[in-house]
Amino acid sequence: AQGGLGGMGGLMSIGRSKARRYDTQAAGRVTFDDVAGIDDAKNELVEIVDFLKSPAKYTRLGGVAPKGVLLIGAPGTGKTLLAKAVAGEAAVPFFSMSAAEFVEMIVGVGAARVRDLFKQAREQAPAIIFIDEIDAIGRARGPVAIGGASEQEQTLQQILTEMDGFTGREGIIVLAATNQPDVLDRALLRPGRFDRRVVVNLPDKVGREAILKVHTRNVPLAADAAIPELAASTPGFSGADLKNLVNEAALLAARRGESEVHGKDFHDALEKIVLGPERPLLLSREDRERIAYHESGHALVAYSLPNTDPVHKVSIIPRGLAALGYMMQRPEGDRYLMTQAALESRIQVLLPCTLAEELLFDDDCAGAQ
Ligand code: ADP
């Protein structure tokens, strides 16, 4: 179709939105069943789904439809997944673009792309527009920029103009994601724009178990693969981290020629993710002995102190960039508070490696720093 324009074809298409459109009516679409462990966020979005399905129900009494929802959470917590699931549940088209793509663009292109994106969505409404990493363009504007509005600013302005133009009857809802809500321009958060905020937290132990279940749906698990135990030993893991863990374990089991994924595969995958891959380092007998005492120092103290997680494993197999050996503790649950006593215990666990080396070798080595 661009033939007639000759060389202009390429140029003319710059303004076209690079938005990706997902067919949310097809089988295999993402639904709320695929989202686990972040029930609070999910519950807050149920209303949005309902609204997309039957807008009249909400506007009947003169209420104004929500226009924008800001999803706030760390990377990998499932913000994109949630947005897709909202579209999937409502069976409406899903248009997505990453704001980061605009940062280095020729002036004017970003705004044109935004215009095009909203136009496409309007033509197929009801629909969801998802803008990932909105902080990349939505940062609070400083004092007047030298040389006029930057590309970022123009792009942001265009998003705001489009949203202000909604009457609320179009059936378009804009979901945007960020992990830095504090840097956002206040203009974005004004009523009628992204006035709803949904926080997507890292999952707790129960949540991690639910997420692991979602991602092991199609993975043959051996009887000794204890999902609850795995959930307990992965505090701080996001949904994306857990997905990665399951994948690593499945690959490892396949490489080992197993027909099911075993607990050991999960444990090895976890160690690899947390500490890095095993390193084929040839250490002398003396070095290994020293490392053994060093790690045993940690382990003994961790074992005998209150306020510390149980000792899970002590190893003198080098891993990752720095560890020549390691002592792993396995958390029994999530901790939201750190007490003075627990912090002191943690320091006490860190110190005895030097002591162990001093006691046995009369000197300690730089590794214990
Ligand atoms: P974000 O947008 O917050 O950075 P994503 O939605 O892109 O995170 O997450 C990446 C992938 O990790 C998802 O496609 C999904 O497979 C998995 N994932 C993340 N969070 C969850 C969750 N809460 N439940 C199930 N899977 C999840």
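Good morning. I begin at the ligand, where a polar side-chain atom of Lys243 lies 3.4 Å from a ligand oxygen atom. On its own the ligand has 550 Å² of accessible area, and the protein covers 82% of that. Please bear in mind that this is a predicted model.

In Lys79, a side-chain N or O atom is 2.8 Å from an oxygen atom of the ligand. Gly78 contributes through its backbone, with an N or O atom 3.1 Å from a ligand oxygen.

I turn now to strand 2, residues 68-72. Is this strand enclosed or open to the outside? Five of its five residues are buried, so strand 2 is largely enclosed by the rest of the structure. In a regular strand, side chains alternate between the two faces of the sheet. Here, Gly68, Leu70 and Ile72 point one way, while Val69 and Leu71 point the other way.

Which strands pair with strand 2? Strand 5, residues 172-178, runs parallel to strand 2 and is joined to it by five bridges; within strand 5, Leu175 is the bridge partner of Val69. Strand 6, residues 196-199, also pairs in the parallel sense, over four bridges, and there Arg197 is the bridge partner of Leu70.

Finally, the surface. Tyr293, Leu359 and Leu360 form a nonpolar patch with about 320 Å² of accessible area together. Tyr293 belongs to helix 12, residues 285-304. With a relative accessible area of 32%, Tyr293 is partly exposed. Thank you.

Notes. Residues numbered from 1 in each chain as written. Predicted model: local features only at pLDDT ≥ 70, side-chain atom pairs only at ≥ 80, totals over all residues. Heavy atoms only, no water. Patch = residues over 30% accessible without salt bridge, like charges linked within 9 Å, V, L, I, M, F, W, Y side chains within 5 Å. Areas by Shrake-Rupley, 256 points an atom, 1.4 Å probe, with all protein chains shown as cover. Salt bridge = Lys/Arg side-chain N within 4 Å of Asp/Glu carboxyl O. Helix = DSSP H or I, 4+ residues; strand = E, 2+ residues; numbered from the N terminus. Buried < 20%, exposed > 50% of the residue type's maximum accessible area, 1.4 Å probe, protein only. Polar contact = N/O pair within 3.5 Å; in protein donor to acceptor, adjacent residues only side chain to side chain. Pairing = 2+ DSSP bridges.
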